[in-house]
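Please look through the sequence and the model shown below before reading on. The briefing that follows goes through the structure topic by topic.

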Amino acid sequence: MRKNIVAGNWKMNTTLEEGVELANNVNALLKDTKANCEVIVCVPFTHLTSVNAVIEPELVKMGAENCSEHEKGAYTGEVSAAMVKSTGADYVILGHSERRQYFGENNEQLLKKTQLALANGLKPIFCVGEVLEERENGSYNDVVKSQVEALFSLSPDDFSKIVIAYEPVWAIGTGKTATAEQAQDMHAHIRKVVEEKYGKEIADNTSILYGGSCKPSNAKELFAKPDVDGGLIGGASLKAEDFLGIVEAFN
Ligand code: PEP
């Protein structure tokens, strides 16, 4: 059966020293609280090696926030999937709306990134989600379907390693959360889209996380929905106690 997951996305926050302290605090709190889900911290590239040195893999897994669509070579400033993997990371966030919006990442690039991540043994946390206008004009189910379909040239075996994060863009960092019913409806829709392509077993085994102003006070209600398998957490992952409060929603 699919895993429940709570993953933090630190974005471009924390110096190296602050990030190591945050990872240490998350790890320490998880020693006292048995988590009933997989806990992941997705951290800036510069922090990966140092964070990996302070977390205990049976308590916390680590991921990057992006990787290159190129395998290697003359791409100054880029970080490849192989480089990310070599730090000890298990996961990589791909297709975050901030990458789509500010860096123009499109479906074709995201497929390449996903293929390289998988080829290097990283599990992609693949983000999808509509903008406010698409929510309001009613096209959100079609928008998200086409974002998921961007991965449909993957083999069933490869697709089964993907975690999907539904993050309505209008809810990210805005304090405005989707209702638990809106999240459930979209997650069920995504699972159906996956089922139509890859069959019921893979669809049932795909973890689908909700992201968008998730916090300790609303996580329990969201995670109680049958198709919501956890959360991708931005702002609230920057304080170890808040992040743990969300992890505890599964207890
Ligand atoms: C995110 O950007 O992945 C996210 C969910 O952010 P926040 O929790 O801050 O809305």
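## Cysteines and disulfides

Counting a disulfide as a pair of cysteine sulfur atoms within 2.5 Å, the total comes to 0 disulfides. C37 is in no disulfide, and the nearest cysteine sulfur, that of C214, is 11 Å away. This is a predicted model, in which local features need pLDDT of at least 70 and side-chain atom pairs count only at pLDDT 80 or more, while totals for chains, interfaces and linings use all residues. Residues are numbered from 1 along each chain as its sequence is written, and side-chain values use heavy atoms, with hydrogens and water left out.

- C37 is buried, with a relative accessible area of 13%, where buried means under 20% relative accessible area, exposed over 50%, and partly exposed in between, for a 1.4 Å probe and protein chains only.
- The sulfur of C67 is 12 Å from the closest cysteine sulfur, in C42, which is too far for a bond, and C67 is itself buried at 1% relative accessibility.

## The barrel

- Helices (H or I, at least four residues) and strands (E, at least two) are DSSP runs numbered from the N terminus, and two strands pair if DSSP finds at least two bridges between them.
- In the order β1-β2-β3-β4-β5-β6-β7-β8, 8 strands close into a barrel with parallel pairing.
- Neighbouring strands of this sheet are turned by 25 degrees against each other on average, with direction ignored; the axes behind such angles are lines fitted to C-alpha atoms, for helices over the stretch in contact, and angles run from 0 to 180 degrees between N-to-C directions.
- Strand β1 (residues 5-9) pairs with strand β2 (residues 38-43) in the parallel sense over 5 bridges, and G8 has V41 in β2 as its bridge partner.
- Strand β3 (residues 61-64) and β4 are paired in the parallel sense over 2 bridges, with Y91 in β4 as the bridge partner of G63.
- Strand β4 (residues 91-94) runs parallel to β5 and is joined to β5 by 4 bridges; here the bridge partner of Y91 is K123 in β5.
- β5 and β6 also pair in the parallel sense, over 4 bridges, and F126 has I164 in β6 as its bridge partner.

## Which way the strand residues face

- In a regular strand the side chains alternate between the two faces of the sheet.
- In β4, Y91 and I93 point one way while V92 and L94 point the other way, and all are buried.
- β5 is mostly covered, since 5 of its 6 residues are buried.

## Helices packed around the strands

- In helix α7 (residues 140-149), the residues V143, V144, Q147 and V148 are buried.
- These residues cover an arc of only 130 degrees around the axis, which puts them on the same side of α7; the arc is that of the directions from the helix axis to the C-beta atoms.
- The buried residues of α7 pack against α4 (97-102), β5 (123-128), α6 (132-136), β6 (163-166) and α9 (180-198), where contact means heavy atoms within 4.5 Å.
- α9 lies across β5, β6 and β7 (208-211), and runs at about 145 degrees to β7.
- Helix α12 (residues 240-247) is mostly covered, with 6 of its 8 residues buried, namely A240, F243, L244, G245, I246 and V247.
- The cover over the buried residues of α12 includes β1, α1 (16-32), β2, α11 (216-223) and β8 (230-233).

## Nonpolar cores

- A nonpolar core is a set of buried Ala, Val, Leu, Ile, Met, Phe, Trp, Tyr and Cys residues joined through side-chain atoms within 4.5 Å.
- The largest nonpolar core has 68 residues, of which F159, I190 and F223 touch the most other members, and α9 gives the most to this core, with 7 residues.
- Leaving aside its neighbours within four places in sequence, I190 is in contact with V128, V144, V148, I164, Y166 and I208.
- A second, separate core of 12 residues includes I5, Y91, I93 and A165.

## Positive phi angles in loops

- Most residues other than glycine have a negative phi.
- T14, in the loop between β1 and α1, has a positive phi of about 80 degrees although it is not a glycine, and T14 counts as partly exposed at 26% relative accessibility.
- S213, in the loop between β7 and α11, is another residue other than glycine with a positive phi, near 55 degrees, and S213 counts as buried at 16% relative accessibility.
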